[in-house]
Amino acid sequence: YGEKNAITGQMVAVQLVIASGIERSEAKRQVRKYCRKKLEPYKIPAKFIFTVQTDVGDRFKKLRLNKKI
């Protein structure tokens, strides 16, 4: 997904949930290596965010919290 960047306007960011036993630096390296083979250079993620759970559901739609007022 795109995130705001003061210089270029937007930059590519990725949200990752890594398996236990894999270091963040190793996961980052593997993702970059894979992306270099498959994507144009400007599409390769510049920012990596490691989380426990992503904010998308099973159908890859953004999950929204139902707030009751």
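**Salt bridges and the sheet**

Author: This is a predicted model, and we can begin with R29, which forms a salt bridge with E26, their closest N and O atoms lying 2.7 Å apart. As a general idea, side chains of opposite charge can pair when their charged atoms come close.

Reader: How many residues apart are R29 and E26 in helix α1?

Author: They are 3 residues apart in helix α1 (residues 24-38), so about one helical turn separates them. R29 is partly exposed, with a relative accessible area of 44%, and E26 also counts as partly exposed, at 28% relative accessibility.

Reader: How many salt bridges does the structure hold?

Author: The structure holds 2 salt bridges. In the pair of E3 and K47, the closest N and O atoms are 2.9 Å apart, and this pair links distant parts of the chain, 44 residues apart, with E3 in strand β1 (residues 2-5) and K47 in strand β3 (residues 47-50). K47 counts as partly exposed, at 33% relative accessibility.

Reader: In what order do the strands form the sheet?

Author: In general, strands of a sheet pair through backbone hydrogen bonds, either parallel or antiparallel. Here 3 strands form an open sheet in the order β1-β2-β3, with mixed pairing, and β1 and β3 are the edge strands, each pairing on one side only. Strand β2 (residues 9-16) runs parallel to β3 and is joined to it by 4 bridges, while A13 stands opposite K47 in β3.

Reader: Which strands does α1 touch?

Author: Helix α1 packs on the sheet, where it touches β2 and β3, and its direction makes about 135° with that of β3.

Methods
Residues are numbered from 1 along each chain as its sequence is written. This is a predicted model: local features need pLDDT of at least 70, side-chain atom pairs count only at pLDDT 80 or more; totals for chains, interfaces and linings use all residues. Side-chain values use heavy atoms; hydrogens and water are left out. A salt bridge is a side-chain nitrogen of Lys or Arg within 4 Å of a carboxyl oxygen of Asp or Glu. Helices (H or I, at least four residues) and strands (E, at least two) are DSSP runs, numbered from the N terminus. Buried means under 20% relative accessible area, exposed over 50%, partly exposed in between (1.4 Å probe, protein chains only). Two strands pair if DSSP finds at least two bridges between them. Contact means heavy atoms within 4.5 Å. Axes are lines fitted to C-alpha atoms, for helices over the stretch in contact, and angles run from 0 to 180 degrees between N-to-C directions.
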